[in-house]
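Notebook open, model loaded. I wanted to look up a few spots and write down what I found.

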Amino acid sequence: VDADKVTYYRIKKCKDGSLYQVQNDKPTCDVGCPRSRYPYSEHPGDLAGEVEKCIDEKGVWFGYLSCNAGWVASGEAGHECAFNDCELKNYPYTHNPNEIQQRGKTTNCKVGGNNYYQYTACDSGYTLKGSVCQAKCQLQNCVINSSAKGYNEWSCAVKDKMSCQVGDAAYFGDSYLGVIAYQPDGEGETLIIATEKNNGVTPFGTLAYGNEYTEQIGHSLSQIGKKDTLMYINEMKSNSDLDYPVMNACYEYSSPRCSHNVCSASEWFLPGSSELKQTYPFKYILYNVTSQNVFREGRVWNNCVDMYNNYAYIFDYGTGQANYQSKRSKLIYFPMMSYTQE
């Protein structure tokens, strides 16, 4: 160009397909794939929608063009697919409850690859509690099988076995026991949590686990609530310095209008970690039928080893894991009872 004697060039076409691209009609070739459009360095494994790829010097990059059902566009410029923002607490079933038993009308919400369901109306004989169709689970002919383990083991017949599942209201005669928190598929113990105040005990109240300076009992605990609660109660009876108010409250609980041993004081216990873990997959059902936020992400006292003298275990419904906390902390608790189905 005149005096400069310099030659200038204008790019008309870029090489190697998407490796170099003319950007915004400018006569330059840009190296690289814009991360706002191609956030993945490899194909997303969840296959949440339709993708396109871009190749640059660092490899192959992917961005979503559209999202499948159950996923929604997110991220910068919408080139990522995230779980559908569905209020899962309102959809407690991860499979259609009507596949188990016809209880009413349902609606669903798709999250990722899973369908979540809630009841919107109940058939005759069922009551809509939250988004769960609750039945009255009637226990009858409850008897003691054995006391060889040092505590009563009850077995009960159920008027209609198919009517008993998690979230149902359990009754013995006219005595309301509580809500079924775990129903085994086959052999095993049904777990019931108390939900109503009785005998001076308020389920879902808060209490300290025990005196911070109470000595460790020193037993290897089983993580089974009834056995361990009874052991603590017996220790307190033999040693006036021991103080475990949560254990004592659960042990002294009895059902409203209880007229049978199965629901009386001494048959209720503070659940152990293994029992609380069994209830964890059903936490949204329990939240819906009890309206207790603790089942969403709260912590409850767990009947497990009295750790390092000053600490005791808790169960976290936010993570599904056991942890530990100072025994002087005031946390939520609830009594539990169990029976095997004849």
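For contacts I counted heavy atoms within 4.5 Å. This is a predicted model, where local features need pLDDT of at least 70, side-chain atom pairs count only at pLDDT 80 or more, and totals for chains, interfaces and linings use all residues. Residues are numbered from 1 along each chain as its sequence is written, and side-chain values use heavy atoms, with hydrogens and water left out.

Entry: valine 111. I found valine 111 in strand β7 (residues 104-111); strands here are DSSP runs of E, at least two residues, and helices are H or I runs of at least four, numbered from the N terminus. Leaving out residues up to four places away in sequence, valine 111 touches Gly70, Phe83, Asn84, Cys86, Leu88 and Tyr116. Glycine 70 sits 41 residues from valine 111 in sequence, yet their C-alpha atoms are 4.4 Å apart. Valine 111 has a relative accessible area of 6%, so it is buried (under 20%; exposed is over 50%, partly exposed in between, with a 1.4 Å probe and protein chains only).

Entry: aspartate 56. I located aspartate 56 in strand β3 (residues 49-56). Aspartate 56 is buried too, at 8% relative accessible area. I then checked its side chain for polar contacts (N or O pairs within 3.5 Å; within protein, one atom must be able to donate a hydrogen and the other to accept it, and residues adjacent in sequence count only if both atoms are side-chain atoms). The aspartate 56 side chain pairs with the side chain of arginine 35 at 3.3 Å and with that of tryptophan 61 at 3.2 Å.
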